[in-house]
Amino acid sequence: MRSGDSLPPGDLPRQFASRTELQATLRQLFPEAAGDLSPIRGGRQAAAAALAAIDPGAYGRSRNHLDGAVTRLSPWIRHGVLSLVEVREEVFAWLERSGQPPQAAAKLINELGWRDYWQRLWRQLGDGIWRDREPLKTGHAPEHYANALPADLLEARTGLACMDGFVQELHTTGWLHNHARMWLASYVVHWRRVRWQAGARWFLQHLLDGDPASNNLSWQWVASSFSSKPYLFNRDNLERFSSGRYCRVCRAATDGTCPFDASYEQLQAALLGAPSC
Amino acid sequence: MLRPVLWIHGEALGPANPALVAHPGAPAVFVFDRDLIVQADLSLKRLGFLYECLLELPVTLRHGDGAEEVLTFARRHGADGVVTSAAVDPRFEALRERIAAQLPVQVLEPEPFVELPEPLDLGRFSRYWRRAEPALWARAGAAAPPVPARRWDR
């Protein structure tokens, strides 16, 4: 921190010569906090630039692809740097400018609706978002799920290029594409059979947009305590929406050990127990 | 309230914060809550992102107990109350109560994304969306376009 600062006792510094200096100061202030700064910058200026760059039409067409035109606005929305109202108005302004029909922006408006929905639910449920909303539909009792995340996952050495890549990205940048979050969450809960709460807490440690409501209720959706059935995916699905980037370099993809290389019927039979009702 | 201070929290770090809009120039404080950071084991990435957001706001930064720090800041400025914006996190209400035990606290509501009549059925997103979607598009002067639901969207 700059020596020129003359702050009242206990006030934290506000002037830094560089991000490196900011990071060094934060390490002193919060010695318990692990890791480095994210390459994604906080602040209104960065948020405004990201908002100006949105393309709701392309978003609607490509959002489920890892390379799709997603907005990446979530960290700033989560902390109110951008309000949902502001983003909504920007989307409507884009429609007017572009002359596109409302349909072109429908997916993005829908996704903003998800954010609003999670917040309304949180207001209603409070800390209840940490408890199962409904019984699991996996055929496994809650006590059959581990309480802690396995070390190989946290160290990004599962041997599965996709999952290890997602973990590294989460730990390094604090942001993951929504589809990657779903695949990773499904792997944790259904393949590794870990309680969704452990995964939810882990995501909240790292995600810049870590919002307990959106995060926990989405984990519950994957786990099936807030949906009618568990969310499973297979290799075809992951390979398609990641343009094959992981499978191309993954040993498990070629030596027959990929745990996702199966039909949905086969995965259900292998991963889910007998229905409990 | 004649001389309020503003309590800024992590759900409202932008210019739409109704406390900042209502009281431009009033002393404002944000507290990095020691307990929350330790309990949630937050990474430096998250704290750094928050910090960078705060560096672009006219706000004093503190680290410690959320309620105590706001009260200390209010005393330092001779304030007769605290103005803040509504938050969804249940921790907010607990902090508000502790502050309100010593000083009046005014909570301002941000503009809602969509205004909907209560009670609202939130059992599933689809039930919420049946009410929200037409209201949203009415604002844009358009009818709600059909959006096919795809399971892996969420």
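Arg72(A) is found in the loop between helix H3 (56–62) and helix H4 (74–78) of chain A, where helices (H or I, at least four residues) and strands (E, at least two) are DSSP runs numbered from the N terminus. The structure is a predicted model, in which local features need pLDDT of at least 70, side-chain atom pairs count only at pLDDT 80 or more, and totals for chains, interfaces and linings use all residues. Residues are numbered from 1 along each chain as its sequence is written, while chains are lettered from A and ligands numbered from 1 in the order in which they are written.

The phi of Arg72(A) is near 60°, a positive value in a residue other than glycine. With 15 other C-beta atoms within 10 Å, Arg72(A) is partly exposed; a residue is buried if 20 or more other C-beta atoms lie within 10 Å of its own, exposed if 12 or fewer, and partly exposed in between, with C-beta atoms placed from the backbone. Ser243(A), which is not a glycine, also has a positive phi, of about 55°. Ser243(A) is placed in the loop between helix H12 (235–241) and helix H13 (251–254) of chain A and is exposed, with 12 other C-beta atoms within 10 Å. In chain B, the peptide bond from Glu118(B) to Pro119(B) is cis, with omega near -5°. Pro119(B) belongs to the loop between strand S5 (105–108) and H6 of chain B.

Within chain A, the axes of helix H9 (residues 178–191) and helix H11 (residues 212–223) come within 9 Å and cross at roughly 60°. Axes are lines fitted to C-alpha atoms, for helices over the stretch in contact, and angles run from 0 to 180 degrees between N-to-C directions. H9(A) is therefore oblique to H11(A), given that angles under 35 degrees count as roughly parallel, over 145 as roughly antiparallel, 65 to 115 as roughly perpendicular and the rest as oblique. The crossing of H9(A) and H11(A) is right-handed; a crossing is left-handed if the near helix is turned anticlockwise from the far one by less than a right angle, and right-handed if clockwise. Met182(A), Ala185(A), Ser186(A) and Val189(A) of H9(A) meet Trp219(A), Val222(A) and Ala223(A) of H11(A), two residues being in contact if their C-beta atoms, placed from the backbone, lie within 7 Å. This contact has 6 nonpolar, 1 polar and no charged residues; Ala, Val, Leu, Ile, Met, Phe, Trp, Tyr, Cys and Pro count as nonpolar, Asp, Glu, Lys and Arg as charged, and the others, Gly among them, as polar.

H11(A) is largely enclosed by the rest of the structure, because 11 of its 12 residues are buried. Its buried residues include Leu217(A), Trp219(A) and Gln220(A), and their cover includes helix H6 (106–125), H9 and helix H10 (196–206) of chain A. The end C-alpha atoms of H11(A) are 16 Å apart, in agreement with the 16 Å that its 12 residues should span at 1.5 Å a residue; the expected span is 1.5 Å times one less than the number of residues. H11(A) is followed by Ser224(A), whose phi is positive, near 95°.

H6(A) is mostly covered, with 14 of its 20 residues buried. From its first C-alpha to its last, H6(A) reaches 28 Å, close to the 28 Å expected.

The contact between the chains takes 64 residues from chain A and 50 residues from chain B. On the chain B side, helix H2 (34–40), helix H3 (44–55), strand S3 (60–64) and helix H6 (125–139) each give two or more residues, and H3(B) supplies the largest share, 11 residues. That side divides into 33 nonpolar, 7 polar and 10 charged residues. Leu47(B), in helix H3 of chain B, is partly exposed, with 19 other C-beta atoms within 10 Å. Leaving aside its neighbours within four places in sequence, Leu47(B) is in contact with Leu26(A), Phe30(A), Ala33(A) and Leu42(B).

H6(A) and H6(B) pack at an angle of about 120°, with their axes 10 Å apart, which makes H6(A) oblique to H6(B). Their contact involves residues including Trp114(A) and Tyr117(A) of H6(A) and Tyr128(B) and Trp129(B) of H6(B). By class, the contact of H6(A) with H6(B) has 8 nonpolar, 1 polar and 1 charged residues.
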